[in-house]
Amino acid sequence: MLTYTLIGVNLLMYVLQWVIPNFTQQIVLVGALAYWEPWRVLTSAFAHSQGSLLHIAMNMYGVYICGVLLEPRLGRVRFGWLYFLSALGGSLGVLLLSDPYTATLGASGALSGLFLALFVVFRTNRTALRQMGIVLLLNVVMGFVVPGISWQGHLGGAVLGLAAAASIVLIPKGSQRTTLQFVLLGILSVVVTGMLYLAAVAVRFPLA
């Protein structure tokens, strides 16, 4: 499953953070540097705090739970696209709403997108929706009251995850369904890439 691969990449990156000097500083998202070092908008989603094992442990547990529920229903390619769009959405939220000189890292944006996708996939299951609603409410509250949690990244990831999931799940069945799904995901990818560029230009640090 792609879910296990994504978890493996996150764990590998975490090991590299400990092994390679200053590696973390090179991959975290700092809005003011995103224009000059654009890889940060994606690599930051695979980096985690070295100050607490709980950060990566909770995120990877969340990716696992969401992944085993979503990947079999969406398929590997669609699930992967959803994951990366959510991760980029998280970075976009940070660029638009956070202090451009603050470093941000973690898979929370991607995880928020996966979590919102569960609401779309299981929208007819009232019991599941109530349970997920309680968890979502707790995460929203934590994002505002617990220091160090990027609610901006959570919000951006959630919005893109919701849009991506809708583009996959809500397309009526038919011979053109797969084509329409990929077209809509492609459009979302272009839009979020363009918005990331514009946001990075707006907050870039003047190196020259």
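Biologist: Is the crossing of helix 5 and helix 6 left-handed or right-handed?
Modeller: Right-handed, as helix 5 passes helix 6. Keep in mind that this is a predicted model.

Biologist: What are the angle and the distance between the axes there?
Modeller: The axes of helix 5 (residues 76–97) and helix 6 cross at roughly 125° and come within 7 Å. The two helices are therefore oblique to each other.

Biologist: Which residues make the contact?
Modeller: From helix 5, Phe79, Leu82, Tyr83, Ser86, Ala87 and Gly90. From helix 6, Gly109, Ala110, Gly113, Leu114 and Ala117.

Biologist: And by class, how do the residues of that contact divide?
Modeller: Seven are nonpolar and four are polar. None is charged.

Biologist: Now helix 6 and helix 8. At what angle do the axes cross?
Modeller: Roughly 40°, for helix 6 (residues 108–121) against helix 8 (residues 151–169). Their axes come within 7 Å. That angle makes helix 6 oblique to helix 8.

Biologist: Left-handed or right-handed for that crossing?
Modeller: Helix 6 passes helix 8 in a right-handed crossing.

Biologist: Which residues of helix 6 and helix 8 make the contact?
Modeller: On helix 6, they are Ser108, Gly109, Ser112, Gly113, Leu116, Ala117, Val120 and Val121. On helix 8, they are Gly153, His154, Gly157, Ala158, Gly161, Leu162, Ala165, Ala166 and Val169.

Biologist: How many nonpolar, polar and charged residues in the contact of helix 6 with helix 8?
Modeller: Nine nonpolar, eight polar and no charged residues.

Biologist: Stay on helix 8. Is Ser167 buried or exposed?
Modeller: Ser167 lies in helix 8. It counts as buried, because its relative accessibility is 9% and the cut-off for buried is under 20%.

Biologist: What is Ser167 in contact with?
Modeller: Gln181, Leu184, Leu185 and Leu188, leaving aside its neighbours within four places in sequence.

Biologist: Change of topic. Where does Pro72 lie?
Modeller: In helix 4, which covers residues 53–74. Pro72 is exposed, at a relative accessible area of 54%.

Biologist: What does Pro72 touch?
Modeller: Met1 and Gly67, not counting residues up to four places away in sequence. Met1 is 71 residues apart from Pro72 along the chain. Their C-alpha atoms are separated by 8.7 Å.

Biologist: Is Asn22 buried or exposed?
Modeller: Exposed, at 53% relative accessibility.

Biologist: Zoom out. How many helices and strands in the protein?
Modeller: Nine helices and two strands. Along the sequence the pattern reads α-α-β-α-α-α-β-α-α-α-α.

Biologist: What share of the residues counts as buried?
Modeller: 47% of the 208 residues. The accessible surface of the protein comes to about 10800 Å². Carbon and sulfur atoms hold 71% of that surface.

Biologist: And what share of contacts comes from residues 24 or more positions apart?
Modeller: They account for 77% of the contacts with a separation of 6 or more.

Conventions: Residues numbered from 1 in each chain as written. Predicted model: local features only at pLDDT ≥ 70, side-chain atom pairs only at ≥ 80, totals over all residues. Heavy atoms only, no water. Axes fitted to C-alpha atoms, helices over the stretch in contact; angles between N-to-C directions. Helix = DSSP H or I, 4+ residues; strand = E, 2+ residues; numbered from the N terminus. Parallel < 35°, antiparallel > 145°, perpendicular 65-115°, else oblique. Left-handed = near helix turned anticlockwise from the far one by under 90°. Contact = heavy atoms within 4.5 Å. Nonpolar A, V, L, I, M, F, W, Y, C, P; charged D, E, K, R; others polar. Buried < 20%, exposed > 50% of the residue type's maximum accessible area, 1.4 Å probe, protein only. Areas by Shrake-Rupley, 256 points an atom, 1.4 Å probe, with all protein chains shown as cover.
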